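Please examine the sequence and the structure first, and then work through each task before turning to its solution.

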Amino acid sequence: MFVSFLSTNEESYSIPLSTLYQEARRAAAANPCRWGISLKQLQDVKTSVCLHVGERVFRTMTMRDICAKVISPICKEEKRPYALVVNEFGLEAHAFVTHCWDEPFGEFVDSVQDAMSN
């Protein structure tokens, strides 16, 4: 598939759509400001892990656990940041959220959700 453009001198030219996708992915990878994830994506991690390990085990899992057992293996396999795995063309970050490695992950997600809803 090609995308056609009209140049400033009114000559048309086409670029393969795959080239546009590659350029968009490359641009996102080069700009850490586009390495964001949405609140929904953060909540999805929480839900997915909780369903996989059960509520009792999930309540004991820290940010360190989630990163080591869920996020890092995905990044290693995909060879890119998690944010670019779930948002292929990047997602501009509108807020910076920091965390404590030994904080319970569920509490972290709930705190972010509370802060974003206010």
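The accessible surface of the chain comes to about 8500 Å², and carbon and sulfur atoms account for 56% of that area; such areas come from the Shrake-Rupley method with a 1.4 Å probe, and for residues only the protein chains shown count as cover. The model is predicted, so that local features need pLDDT of at least 70 and side-chain atom pairs count only at pLDDT 80 or more, while totals for chains, interfaces and linings use all residues. Residues are numbered from 1 along each chain as its sequence is written, and side-chain values use heavy atoms, with hydrogens and water left out.

**Exercise 1.** State how many helices and strands the chain has, and in which order the elements run.

*Solution.* Step one is the count: the chain has 6 helices and 2 strands. Helices (H or I, at least four residues) and strands (E, at least two) are DSSP runs, numbered from the N terminus. Step two is the order, which from the N terminus is β-β-α-α-α-α-α-α.

**Exercise 2.** Determine whether Thr62, Lys79 and Glu23 are buried, partly exposed or exposed.

*Solution.* The cut-offs come first: buried means under 20% relative accessible area, exposed over 50%, and partly exposed in between (1.4 Å probe, protein chains only). Thr62, in the loop between helix H3 (55-58) and H4, has 14% relative accessibility and therefore counts as buried. Its contacts (heavy atoms within 4.5 Å), leaving aside neighbours within four places in sequence, are Trp101, Asp102, Glu103, Pro104 and Phe105. Lys79 lies in the loop between H4 and H5; because its relative accessible area is 73%, Lys79 is exposed. Lys79 also has a positive phi of about 60°, although it is not a glycine. Glu23, in helix H1 (residues 17-30), has 42% relative accessibility and so counts as partly exposed. For the chain as a whole, 21% of the 118 residues count as buried.

**Exercise 3.** Describe the surroundings of Phe108 and its part in the largest nonpolar core.

*Solution.* Phe108 is in helix H6 and, with a relative accessible area of 8%, is buried. Not counting residues up to four places away in sequence, Phe108 touches Leu42, Met63, Val97, Thr98, His99 and Glu103. Phe108 and Leu42 are 66 residues apart in sequence, and their C-alpha atoms are 9.9 Å apart in space. A nonpolar core is a set of buried Ala, Val, Leu, Ile, Met, Phe, Trp, Tyr and Cys residues joined through side-chain atoms within 4.5 Å. The largest such core has 15 residues, and Phe108 and Leu42 are among those with the most contacts inside it. H2, H4 and H6 each supply at least two residues of this core.
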